[in-house]
Amino acid sequence: MSDSEPEFEEQPPEKLPLDAWHRAQGARMVPFAGYEMPIQYNGEHGGIVAEHNWTRTSASLFDVSHMGQLAISGENAAHELEKLVPGAIANLGEGKMRYTLLLTEGGGIIDDLIVTHAGERLALVVNGACKWDDIAHLREHLPDAITLTHYEDFALLALQGPKAAEVLESLIPGVDELSFMTAAAFTWDGIDLWISRAGYTGEDGFEIALPEGDAERLANALVADERVQPAGLGARDSLRLEAGLPLYGHDLSLETDPVSAGLAFAVSKARRETGGYFGYQTCMERLAEGGCAQMRVGLSLEGRLPAREGAEVFAAAAKVGTLTSGGFSPTLGHPVAMAYIDTAHTAPGTTLEVEVRGKRLPATVTTLPFVPHKYHRKGA
Amino acid sequence: MARYFTEEHEWIEVDGEAATIGITDYAQEQLGDVVFVEVPQTGTALEKGAEAAVVESVKAASDVYAPISGEVLEGNGALEADPELVNSSPEDEGWFFKMTVADKSELEGLMDAAAYKAFCDGL
């Protein structure tokens with residue numbers, strides 16, 4: 001028996017601040033994004049499906065400290081960042097967050113990220129595997145007067161699930177007043193925390209940035225609550241797939257653009273008039289009627305055989321696309337996937353076929369997300 | 001009856017001229033939640049080391065190889081409806097397929113339970 005898709009890393013992976021804590025919790029560690037990361041935990045509540053289901057019904061603690069925590073500051077920092085992303089940053093109110101994309105001049109996606117107006121600075125959370133390239137890109141294209149800070153000695157913990165708010169509120173009063181995509185500073189047990197109501201599971205939840213030396217204390221306090229279990233990368237991947245959220249390096253890449261990727265919402269309406277950012281021309285061409293040769297869509301498969309990244313998609317004899325993510329959906333009980341499909345075949349309900357080991361599996365184009373989001377939106 | 005193990009974490013139980021093949025408890029633990037198993041068709045001729053079955057976990061697809069040469073006698077039909085048997089009973093009800101033993105000398109290079117345990121402890 002052997003994995004048919006082995007992963008290997010060129011550099012020996014680094015350790016997360018909570019490395020020892022994960023191992024003590026029974027984690028199985030695997031190399032990912034240059035770090036040894038917990039893929040799943042042993043024990044009664046462990047395993048990808050159990051951790052997945054726990055996140056959908058209670059609350060799970062994810063360590064996402066591999067992600068890059070950056071900040072930019074200085075005069076006109078927001079306007080300068082706007083030259084590199086299609087999102088509106090300058091009009092973000094204090095404490096508000098926006099999902100956006102770093103684009104090349106040709107409109108290719110360098111990374112997806114969250115930008116937060118954090119008072120004196122703009123906080124950026126970027127993908128772990130991309131962070132060094134992102135830093136180089138930002139440093140190259142931002143004026144020297146803009147300060148770029150990399151919070152290398154900060155941990156990032158995500159508490160996700162329908163009980164996340166009641167758990168965190170019991171520990172840190174006031175956090176439940178945050179609504180989806182807002183953030184603020186809090187203190188707990190003498191520790192300064194920066195807490196965002198966000199995440200990448202489709203559930204309500206929080207991301208908590210704090211000095212790495214304090215992370216274990218908070219992690220222990222969180223899992224001491226019987227509503228919380230630790231969850232690994234495996235569940236994080238199946239959760240984000242069900243939530244229809246793209247993963248950089250799989251569903252997004254330099255070869256994809258925001259519109260083909262189904263992220264036109266991240267191309268600011270106001271900035272479509274004014275432009276002035278990398279990739280603007282490409283975004284406008286793709287937004288035009290018939291501008292995308294392919295689009296990212298969801299596919300639902302029958303049966304139990306998962307189709308994985310790289311599997312080819314057919315309409316009768318014609319190849320019409322390729323899977324960029326795929327797996328078994330624990331919530332729905334059948335396989336789901338994301339794929340780039342020729343635009344003529346992307347209407348929801350279209351029946352296609354995915355080829356897995358020479359077999360053609362029926363697949364139906366499905367509106368994303370597969371599992372509805374349960375974000376805590378303002379006024380909800 | 002004698003049970004042998006491979007470095008690919010398969011077990012093979014030989015009963016006279018027939019052998020039953022599955023994956024070990026260590027293997028299912030590494031794979032995690034199994035969601036689909038594809039077993040070989042009855043009558044398939046397998047060379048030692050050939051891809052014989054595929055097991056899909058939530059995480060990834062893995063090949064299961066024929067530990068010896070022979071002909072497939074039967075695939076475990078129960079795995080189609082209940083693939084999680086591979087997790088709950090890997091070395092019993094979660095067997096993959098039965099095959100003939102074409103060449104008994106091929107068994108000589110395989111590990112017994114004690115040798116396999118030592119092999120896993122060294123990983």
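Two strands are taken to pair if DSSP finds at least two bridges between them. Helices (H or I, at least four residues) and strands (E, at least two) are DSSP runs, numbered from the N terminus. The model shown in these views is predicted: local features need pLDDT of at least 70, side-chain atom pairs count only at pLDDT 80 or more, and totals for chains, interfaces and linings use all residues. Residues are numbered from 1 along each chain as its sequence is written, chains are lettered from A and ligands numbered from 1 in the order in which they are written, and side-chain values use heavy atoms, with hydrogens and water left out.

**Figure 1. The open sheet of chain B.** Six strands of chain B, in the order S1-S2-S3-S9-S8-S5, make up an open sheet of 6 strands with antiparallel pairing. Strand S1 (2–5) and strand S5 (45–46) of chain B stand at the edges with a single partner strand each, so one side of each has no neighbour in the sheet. Within the sheet, strand S8 (residues 70–75) and strand S9 (residues 97–100) of chain B run antiparallel and are joined by 3 bridges. B:Gly75 is placed opposite B:Phe97 of S9(B).

**Figure 2. Two hairpins that share strand S18 of chain A.** Strand S17 (residues 312–315) and strand S18 (residues 318–329) of chain A run antiparallel, with 4 bridges joining them. A:Glu312 has A:Thr322 in S18(A) as its bridge partner. The hairpin of S17(A) and S18(A) has 2 residues between the strands, and A:Ala316 in the turn has a positive phi of about 55°. S18(A) is also joined by 8 bridges to strand S19 (residues 334–342) of chain A, and these two strands run antiparallel. Here A:Gly321 stands opposite A:Ile341 of S19(A). In the hairpin of S18(A) and S19(A), 4 residues lie between the strands, and A:Gly333 in the turn has a positive phi of about 80°.

Figure 3. A:Asp111 belongs to strand S8 (residues 109–118) of chain A. Buried means under 20% relative accessible area, exposed over 50%, and partly exposed in between (1.4 Å probe, protein chains only). A salt bridge is a side-chain nitrogen of Lys or Arg within 4 Å of a carboxyl oxygen of Asp or Glu. For charge, Lys and Arg count as positive and Asp and Glu as negative, while His and the chain ends are not counted. A:Asp111 is buried but has no salt bridge, and the nearest side chain of opposite charge, that of A:Lys131, is 10 Å away. A polar contact is a pair of N or O atoms within 3.5 Å; within protein, one must be able to donate a hydrogen and the other to accept it, and residues adjacent in sequence count only if both atoms are side-chain atoms. Such a contact links the side chains of A:Asp111 and A:Asn127 (2.7 Å). With neighbours within four places in sequence left aside, the residues in contact with A:Asp111 (heavy atoms within 4.5 Å) include A:Thr100, A:Leu102, A:Cys130 and A:Tyr248.

**Figure 4. Salt bridges within chain A.** Side chains of opposite charge can pair when their charged atoms come close. Over all chains, the count comes to 29 salt bridges. One of them joins the side chains of A:Arg227 and A:Glu166 (3.0 Å, N to O). A:Arg227 lies in the loop between helix H6 (215–223) and strand S15 (228–230) of chain A, and A:Glu166 in helix H5 (residues 164–171) of chain A, so the pair ties together parts that are 61 residues apart in sequence. A:Arg227 is partly exposed at 23% relative accessibility, and A:Glu166 is partly exposed with a relative accessible area of 42%. The side chains of A:Arg217 and A:Asp214 also meet in a salt bridge (3.4 Å, N to O); A:Arg217 is partly exposed at 38% relative accessibility.

**Figure 5. The interface of chain B and chain A.** Chain B and chain A bury about 2000 Å² between them, 49% of it on carbon and sulfur atoms; buried area is the accessible area (1.4 Å probe) that two parts lose on being put together, summed over both. In chain B, the residues that lose the most area to chain A are B:Val35, B:Val58 and B:Lys59, together 27% of what that side buries. The contact takes 27 residues from chain B and 18 residues from chain A. Across this interface there are 6 salt bridges. A:Arg357 and B:Glu38 form a salt bridge, with their closest N and O atoms 3.3 Å apart. A:Arg357 lies in the loop between strand S20 (351–356) and strand S21 (359–366) of chain A and B:Glu38 in strand S4 (residues 34–38) of chain B, so the pair joins two chains.
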